[in-house]
Amino acid sequence: MRFAKHIMGIESSGIRKCFDGAGPGAVNLSIGQPDFDTPGHIKEAAIRAIERGMTGYTPNLGIPELRAAICEKLRRENGITCSADQVMVTSGASEALFLAIAAVTSPGDEVLMPDPGFVSYRPLVQTAGGRPVGVPLDQNLKLSVDTVAEHITPRTSAIIVNSPANPTGAVQSKSEIRGLAELAEDNGIALISDEVYEHFIYEGEHVSPGRYSESVITVNAVSKTYAMTGWRLGYLAAPQEAIDVMLRIHQYIQACASSISQAAALAAITGPQDCVREMRETFQRRRDVMVRGLRDLGVDLVVPKGAFYIFPRVGDGDEFAARLSSAGVITVPGSAFGANGRPYIRISYAASDESLKLALERMKAVINTPEAR
């Protein structure tokens, strides 16, 4: 067989390599998913859906009740006004991101993204035939509006923003989000806003660019917020013309998201939110423990304001992550998130208190070795 050259150039995920390479007894701080079970009322909604025979195809865009609930959620929490026809339910935020990128990217187009940034952005752009362009972050690990503007060319088709951010935990300010939305609109390009960590903010506030501009495709999911990563249920909201284009792809590659997962997502979004608050409080406490522990070890870091990651600067991230792995602590080299991430490693604190304590003890031994000094 002959394979597509632009696909063969895509590398395997650095996160998955680290996760799969964890040895017995290792403390795995590489994976980005809540270490909580899906709340009971959500699982019960899925069981009821199975029992009443909700096991067939749904409308391409998703069941009407769920899309209506998402519209209300976006209005109430994000300041975004949309109709149910401007919402599409997808198989996770991953599909939503691909649809958004593919819809606005012609072969050779450039898509601007944070560097370091989430590992999927670059290969998804490459899959669509586009050219990923990494935008360096500022000293606070955030996207600067001026720096993004400097990278816009006549070939730029989209800007990707992720706040709170993976891998840095950074939270963009309201003025920064508004500036990015206006920048995209002024240049006639799309702004793809990845908001899957919106409910895990410890300092600052979550601001959706969709409240400021019609040029925004808002991507979200129930995966992180409700500990539902395996349910594969995401969604996006966009202007009607963008939905129409993305539907052309979605109807052929996916048809519809899982009917049972849609029932569960409806219960998640419309049901009690105590579970979200409890997870957020737990993650904030763990963040504080890890920040104190790493600072006591002399590690250079910017305190993350959201998500559940710390992105410390360690020199050579590849080498440092390898030494940690040998000591039984699995992290992700910063280079997995872009060329500018090489001096860093990503630590996920979506792990038990005992695991984090043990990880810090093992890190201390690594940092105190002669080669570390």
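User: What is the volume of the largest cavity?

Analyst: This is a predicted model, where local features need pLDDT of at least 70, side-chain atom pairs count only at pLDDT 80 or more, and totals for chains, interfaces and linings use all residues. Residues are numbered from 1 along each chain as its sequence is written, and side-chain values use heavy atoms, leaving out hydrogens and water. A cavity is a set of points on a 1 Å grid over the protein atoms alone where a 1.4 Å probe fits but cannot get out; points are joined across faces, edges and corners, and the volume is the space filled by probe spheres set on them. For the largest cavity, that volume is about 90 Å³.

User: Which residues come closest to the centre of the largest cavity?

Analyst: Lining residues have an atom within 4 Å of a cavity point. There are 17 of them around the largest cavity, and the closest to its centre are Pro114, Leu137, Leu141, Asn162 and Ala165.

User: Which strands stand at the edges of the open sheet of 3 strands?

Analyst: Helices (H or I, at least four residues) and strands (E, at least two) are DSSP runs numbered from the N terminus, and two strands pair if DSSP finds at least two bridges between them. This sheet is antiparallel and has the order β9-β12-β11. One side of each edge strand is left without a neighbour in the sheet, because each has a single partner, and these strands are β9 (309-310) and β11 (332-333).

User: At what angle does helix α12 run to β12?

Analyst: Axes are lines fitted to C-alpha atoms, for helices over the stretch in contact (heavy atoms within 4.5 Å), and angles run from 0 to 180 degrees between N-to-C directions. Helix α12 (residues 317-326) lies across β11 and β12, and its angle to β12 is about 45°.

User: How many residues of β7 are buried?

Analyst: Buried means under 20% relative accessible area, exposed over 50%, and partly exposed in between (1.4 Å probe, protein chains only). In a regular strand the side chains alternate between the two faces of the sheet. Both faces of β7 are covered, with Val216, Thr218 and Asn220 on one side and Ile217, Val219 and Ala221 on the other. The strand is largely enclosed by the rest of the structure, because the buried count is 6 of the 6.

User: What is the bridge partner of Leu191 in β7?

Analyst: Leu191 lies in strand β6 and counts as buried at 0% relative accessibility. Strand β6 (residues 190-194) pairs with β7 in the parallel sense over 4 bridges. Leu191 also sits 6.3 Å from Ile217, C-alpha to C-alpha, although the two are 26 residues apart in sequence. Its bridge partner in β7 is Val216.

User: What is omega for the cis peptide bond from Asp115 to Pro116?

Analyst: Asp115 stands opposite Pro136 in β4, and Pro116 belongs to the loop between β3 and α6 (121-127). Another cis bond runs from Asn166 to Pro167, with omega near 20°. For Asp115 to Pro116, omega is near 10°.

User: What is the relative accessible area of Ala307?

Analyst: Ala307 lies in the loop between α11 (274-296) and β9, and its phi is near 60°, a positive value in a residue other than glycine. Ala227, in the loop between β7 and β8, also has a positive phi, near 55°, and is buried at 8%. Ala307 is buried too, with a relative accessible area of 0%.

Terms used. On a 1 Å grid over the protein atoms alone, a cavity is a set of points where a 1.4 Å probe fits but cannot get out, and a pocket is an open set with protein on both sides within 12 Å along at least five of seven lines; lining residues have an atom within 4 Å of a point.
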